[in-house]
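Dear colleague,

Please find the structure below. My notes on its side-chain contacts follow.

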Amino acid sequence: MDGRQCYDLLVIGGGSGGLACAKEAAQLGKKVAVVDYVEPSPRGTRWGLGGTCVNVGCIPKKLMHQAALLGGMIRDAPHYGWGVAQAPHSWATLADAVQNHVKSLNWGHRVQLQDRKVKYFNVKASFVDTHTVCGVSKGGEETLLSAEHIVIATGGRPRYPTHIEGALEYGITSDDLFWLKESPGKTLVVGASYVALECAGLLTGLGLDTTVMIRSVPLRAFDQQMASLVTEHMAGHGTRILRGCAPEKVEKLPGQQLRVTWVDLTSDRKDAGTFDTVLWAIGRVPETASLNLEKAGVHTNPVTGKILVDAQEATSVPHIYAIGDVAEGRPELTPTAIMAGRLLAQRLSGRTSDLMDYSSVPTTVFTPLEYGCVGLSEEAAVARHGEEHVEVYHAFYKPLEFTVPQRDASQCYIKMVCLREPHSWCWACTSAQHGEVIQGFALGIKCGASYQQLMRTVGIHPTCAEEVAKLRISKRSGLDPTVTGC
């Protein structure tokens, strides 16, 4: 077959979803290959095997988030009797530690593939026909790979606003931030996504002068009351937030600084500021442009560029699949891609017919005040079921840890959005460490637990999570539903 190598399964993309699918299939007896290639960012940043999450997403973000939280803990420490002096933060030390950990994960993924006898190709892939892919190495060498089944798991990359003068030449994205050897200094973060707010929050927490520019609303896909609490907390803890503004130009000044000109969309008034770094966090685009999908007949959404898939993760070509961020209508979350990849491998191996359930997926926004949620937002619940059928139980509360250092807890809030009948529920909260809390409540929702059942659970005292078991106040009436009979 003209020198081509043949496999049962070929996975295009070495991120979390692709690797999970490949390793699962190999463990179930399939002959598997993975092709992965990282195009350098416009600033020249590149990384190893593992995809966005490992290299320029969840992992380095969480480590830097933790570094920022430690700064707050150091400020709290004297209140608890520790004689700790507030020392300046060293970006170089943090960056070196984070990057070394990421490199160890890159190596670990290589070893895992080798242990499971998955063939790894560091090549850029494009379709030749419905069963064949051509991989081109960095040196230009071509390899033909054919497979009975092909899985596309190429993810996405940050979007640049190419219509803005100087944006591409002088800006960076999350693809670059975590690999900077030197501090970004005074930073303008443009965007309102969770990536924008997380990056701005951790930069502020590390002691950097940070501004967020939001064109419309923050965290558009999330509960807007909760989003407001997140941004209020950020603003109250040092992050400058420019609302209703849009950048128009980025210019390089002598001495490496950047001058950014923007417009206030309400008044049409222009303003400008000087920054050391401009970070674009305005969304992501799927990595499909170089795949030559038309050669295989794989259809995409003409607006988003994402690959159209069905409930089986199959594309318009039945033996070609797409999982993770590159697929249309899927949550852009690492754990969903991993589970979808594993289930797909199991179905292809005849071990199960189970499909990935994308409903009620829990997630956390790792802003300084973490925002965890699962299920529908209040707005989505009202839109879907009607306001008369929705009941919201809610409360502000103060974590015990905030009391001794007298931290402001005015944005610590919890809400449960329920259907009045049969009182099924979803949940959202803001507080410290809520990424660790939300998982257990996700299980309750997945199992169909009712509000009444949750109220019969015993809280773990004294924790933030126990506040859920105390939710008795109805947002609609302001009354205790155990008294009113709601």
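Asp-223, Glu-378, Lys-415 and Lys-475 are joined in a network of salt bridges, a salt bridge being a side-chain nitrogen of Lys or Arg within 4 Å of a carboxyl oxygen of Asp or Glu. Please note that this is a predicted model, in which local features need pLDDT of at least 70 and side-chain atom pairs count only at pLDDT 80 or more, while totals for chains, interfaces and linings use all residues. Residues are numbered from 1 along each chain as its sequence is written, and side-chain values use heavy atoms, with hydrogens and water left out.

Salt bridges

The search of the whole structure returned 15 salt bridges. In one of them, Glu-391 is paired with Arg-420, and the closest N and O atoms are 2.0 Å apart. This pair links distant parts of the chain, 29 residues apart: Glu-391 belongs to strand E19 (residues 390-396), whereas Arg-420 lies in the loop between strand E20 (413-419) and strand E21 (425-431). Strands (E, at least two residues) are DSSP runs, numbered from the N terminus. Glu-391 is buried, at a relative accessible area of 1%, while Arg-420 is partly exposed at 28%. Here buried means under 20% relative accessible area, exposed over 50%, and partly exposed in between, with a 1.4 Å probe and protein chains only.

A salt bridge also connects Arg-259 and Glu-251, with 4.0 Å between the closest N and O atoms. Both residues fall into the partly exposed class, Arg-259 at 36% relative accessibility and Glu-251 at 28%. Asp-271 meets Arg-269 in a further salt bridge, at 3.8 Å from N to O; Asp-271 is partly exposed, with a relative accessible area of 32%.

Aromatic rings

Four aromatic pairs were found in the whole structure. Rings of Phe, Tyr and Trp (its six-membered ring) pair if their centres lie within 6.5 Å; planes under 30 degrees apart count as stacked, over 60 as edge-to-face and the rest as tilted. The pair of Phe-396 and Tyr-413 is tilted, because the planes stand at 45 degrees, with the ring centres 4.6 Å apart. Phe-396 in strand E19 and Tyr-413 in strand E20 are 17 residues apart, and their pairing links distant parts of the chain. Tyr-413 is buried, with a relative accessible area of 0%.

Charges over rings

A charge sits over a ring if NZ of Lys or CZ of Arg is within 6 Å of the ring centre and within 35 degrees of the ring normal. Arg-46 is placed over the face of Tyr-37, at 5.8 Å from the ring centre. Arg-407 lies over the face of Phe-402, at 5.2 Å from the ring centre.

With kind regards

Technical notes: Helices (H or I, at least four residues) and strands (E, at least two) are DSSP runs, numbered from the N terminus.
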